[in-house]
Amino acid sequence: MIPLSVNPQLHTFRSPTYKSVVDKAICFLQGTPVHSLPPGCGFPGTGVYALYYTGDFEPYQKISVSNQEAYVQPIYVGKAVPSGWRAGKRSSNHLTQPLYIRLREHQKSIQQGQGLDIADFMCRFMILGGIETDLISSVEARLIRKFDPLWNIMIDGFGNHDPGSGRHDQARSEWDVLHPGRSWADKLKGAEPLLQDILKKIQQSS
């Protein structure tokens, strides 16, 4: 007999074991060595990373101070996934460097962004390969919920890419208004957020 109503309890899957695995991965990441941004040499693999700020940009002083003795408060958390990952496929090429390439992309953005110095940034990263690639999004999401990184939660746009030719009617992101300089972002012509509103958001989050 086909039921006429839905009992959510009969359809809800819960896994304390999965939560434990994600938490274990986060503890592992927090214990990995801290590197410059990007690390001094390339490496293969995909996974999750965290960026830490220690500079003197005034709106970020709370973050900077928290990282003076130990790197405990990321300003940004992100991921690098295998090619074909969104289609449910895993790349068989274990020599590709998506994680390192992503960190290099962030280096370029920071070097172009006004008010920032790449020397004030460090990173941690965790390589997840094989079946562990299925953890990438879960670990990233849990890290964001755990640490509320400013560039993930309050200031959008750091991880953006050039939207491409013919799509420059979009607006610059909050990050690009706060740290102008990325050449592709300077071509965007849409109505952008106001700098004073962005600074107010940061102040209210402190």
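Let me start with H1 and H4, which pack at an angle of about 70° with their axes 10 Å apart. H1 is therefore roughly perpendicular to H4, a label for angles of 65 to 115 degrees, while angles under 35 count as roughly parallel, over 145 as roughly antiparallel and the rest as oblique. Axes here are lines fitted to C-alpha atoms, for helices over the stretch in contact, and angles run from 0 to 180 degrees between N-to-C directions. Helices (H or I, at least four residues) and strands (E, at least two) are DSSP runs, numbered from the N terminus.

Before going on, a word on the source: this is a predicted model, in which local features need pLDDT of at least 70 and side-chain atom pairs count only at pLDDT 80 or more, while totals for chains, interfaces and linings use all residues. Residues are numbered from 1 along each chain as its sequence is written, and side-chain values use heavy atoms, with hydrogens and water left out.

Which residues of H1 meet H4? On the H1 side they include Tyr18, Val22, Ile26 and Leu29, and on the H4 side Val139, Leu143 and Phe147 are among them. Contact means heavy atoms within 4.5 Å. By class, this contact has eight nonpolar, two polar and four charged residues. Nonpolar covers Ala, Val, Leu, Ile, Met, Phe, Trp, Tyr, Cys and Pro, charged covers Asp, Glu, Lys and Arg, and the others, Gly among them, are polar.

Next, the sheet. Four strands form an open sheet in the order E1-E4-E2-E3, with antiparallel pairing. E1 and E3 are the edge strands, each pairing on one side only. Two strands pair if DSSP finds at least two bridges between them, and two bridges join E1 to E4, residues 121-127. Histidine 35 stands opposite cysteine 123 in E4. Helix H1, residues 16-30, packs on this sheet and touches E2 and E4, its direction making about 140° with that of E4. Helix H3, residues 98-112, lies across E2, E3 and E4 and runs at about 25° to E2.

Now two backbone details. Most residues other than glycine have a negative phi, and most peptide bonds are trans. The bond from leucine 37 to proline 38 is cis, with omega near -5°, and proline 38 is in the loop between E1 and E2. Aspartate 148, in the loop between H4 and H5, has a positive phi, near 45°.

Last, the rings. Rings of Phe, Tyr and Trp (its six-membered ring) pair if their centres lie within 6.5 Å; planes under 30 degrees apart count as stacked, over 60 as edge-to-face and the rest as tilted. By this rule there are 13 aromatic pairs. Tyrosine 53 and tyrosine 60 have ring centres 5.6 Å apart and planes at 85°, so they are edge-to-face, and both are buried. Tyrosine 76 and phenylalanine 158 are also edge-to-face, because their centres are 4.9 Å apart and their planes at 80°. Since tyrosine 76 lies in E3 and phenylalanine 158 in the loop between H5 and H6, this pair ties together parts 82 residues apart in sequence. Ring pairs link these residues into a cluster that also includes Tyr49, Phe57, Phe121, Trp151 and Trp175.

Definitions and conventions: Buried means under 20% relative accessible area, exposed over 50%, partly exposed in between (1.4 Å probe, protein chains only).
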